[in-house]
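Subject: Structure handover

Hi,

Here is the structure for your files. My notes on it follow below.

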Amino acid sequence: EKLIQSVRNGTMPHAQLFAGDEGALNLPLALAYATYLHCENRGETDACGICPACSKSLKYIHPDTNFVFPLGNIKGDKDEDRFKAEILKTWRAFLLEQPFGNLADWIGYYGGEDKQVNISKDESREIIKALSLKSFESPYKVMIIWRPEYMHPSAANGILKILEEPPPRTVFLLVTNDPEQLLPTIVSRTQIVQIPMMSDEELDMHLAKTQALDKIKREKIVQSAEGNLNMALALIDTGEDHHQEVFVDWMRACFKKDYAKLVGLSENFHDLDKLGQRSLLQYSLTMMRESLLHLAGVTSIYRIKGGEVKFIQDFSMKMSVLKIEKSTQLISDSAYFLERNGSAKMIFLDLSLQIAKIINP
């Protein structure tokens with residue numbers, strides 16, 4: 001509503017930073033906003049969805065919407081020219097098939113290697129070149145830069161001037177999950193639009209409308225996803241609904257300092273796919289949060305049900321606020337190391353040994 005109002009009032013900033021945590025719907029919102037800007041028959045609350053401009057925008061082929069996104073090497077492919085020629089087509093297909101996908105999904109989709117991706121200096125030249133041309137059909141030219149925190153420093157510096165003084169009726173939409181990694185000079189030239197995560201109620205409502213799931217399964221997915229729609233959709237297909245027993249087993253082994261058991265659990269963790277590893281750590285963070293709520297006596301905002309409540313009551317007897325704080329930081333760090341392609345077995349075993357020392361010093 002705020003974005004639409006700015007368009008209708010003629011107070012729209014020429015550069016906006018759509019910032020949200022991993023899983024926030026900032027890219028879908030940026031795409032919807034671009035569609036609204038191009039729409040030939042705008043409504044009070046949205047684009048019409050049926051005019052020629054909307055038809056193109058909904059297929060991501062509108063000639064006045066330009067995309068920039070991170071890329072890396074592709075596995076076993078040395079034909080760089082062919083790759084560059086095909087990549088925009090691949091990006092459009094990705095948006096159609098996985099509209100809520102994250103960076104890891106994108107890398108997997110185009111077949112990238114497990115190496116750092118970036119937005120190269122060449123891309124900054126392409127941005128300037130694309131925006132130097134007049135718009136083809138729409139009153140606006142829109143440049144969507146997805147994950148600008150992956151811009152090479154020379155690329156980021158290369159767009160500073162055009163970001164500050166773009167051609168008339170040019171709109172920059174920068175979509176980020178980590179604004180702190182951006183150059184301050186980039187952030188200072190944009191207006192920040194903070195995108196929240198979905199609430200549990202919104203996520204549950206969406207899954208109820210779009211997915212054939214029973215209520216119990218849906219509740220477990222909503223609890224594990226914590227507002228992340230992309231993760232919720234991925235969890236539907238994984239069958240990973242036994243996190244409670246794994247977490248209970250893990251914490252008991254940590255408390256008893258059963259190192260043989262912990263080694264075995266680390267191997268089991270290594271055998272999970274990336275999503276399974278991430279969701280188990282996410283579930284662990286949830287359980288730490290519930291333990292903190294129990295210690296604080298704020299059980300009215302529990303997100304757990306059934307047997308989990310009994311476990312948290314028992315587990316909290318062995319924990320303190322300081323222990324929970326330290327454990328939560330370690331789990332968060334482990335999730336970060338996994339995203340950077342660290343060894344899952346080593347990460348989990350190290351995490352287990354450190355939590356064992358915290359729980360039972």
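Is C51 buried or exposed? C51 is buried, because its relative accessible area is 8% (buried means under 20%, exposed over 50%, partly exposed in between, with a 1.4 Å probe and protein chains only).

Some ground rules before the rest. This is a predicted model, in which local features need pLDDT of at least 70 and side-chain atom pairs count only at pLDDT 80 or more, while totals for chains, interfaces and linings use all residues. Residues are numbered from 1 along each chain as its sequence is written, and side-chain values use heavy atoms, with hydrogens and water left out.

Cysteines

A search of the whole structure turns up zero disulfides (a disulfide is a pair of cysteine sulfur atoms within 2.5 Å). C51 is in no disulfide; its nearest cysteine sulfur belongs to C54, 3.6 Å away.

Overall fold

The secondary structure comes to 18 helices and five strands. These are DSSP runs, numbered from the N terminus: helices are H or I with at least four residues, strands are E with at least two. The protein is as compact as a globular protein of its length, because its radius of gyration is 23 Å, close to the 21 Å that the globule rule gives for 361 residues. That radius is taken over C-alpha atoms, and the rule is 2.2 Å times the number of residues to the power 0.38. Along the principal axes, the C-alpha atoms fill a box of roughly 70 × 45 × 40 Å.

Buried residues make up 45% of the 361. Take the contacts (heavy atoms within 4.5 Å) between residues at least 6 apart in sequence: 72% of them join residues at least 24 apart.

Surface and charge

The accessible surface is about 18,700 Å², and 52% of it belongs to carbon and sulfur atoms. Areas come from the Shrake-Rupley method with a 1.4 Å probe; for residues, only the protein chains shown count as cover.

There are 42 positive and 48 negative side chains. The centres of the two sets lie 2 Å apart. Lys and Arg count as positive, Asp and Glu as negative; His and the chain ends are not counted. Each charge is placed at NZ of Lys, CZ of Arg, CG of Asp or CD of Glu.

Individual residues

Two residues stand out for backbone geometry. Most residues other than glycine have a negative phi. R169 has a positive phi, near 55 degrees. R169 sits in the loop between α8 (160-164) and β4 (170-176). K257 also has a positive phi, near 55 degrees. K257 lies in the loop between α13 (243-256) and α14 (259-271), and is partly exposed at 29% relative accessibility.

T299 is in the loop between α15 (274-296) and α16 (307-316). T299 is partly exposed, with a relative accessible area of 40%. Leaving out residues up to four places away in sequence, T299 touches L293 and H294.

L285 is in helix α15. With residues up to four places away left out, L285 touches T328, I331 and S332. The C-alpha atoms of L285 and S327 are 8.7 Å apart, and the two are 42 residues apart along the chain.

Best wishes
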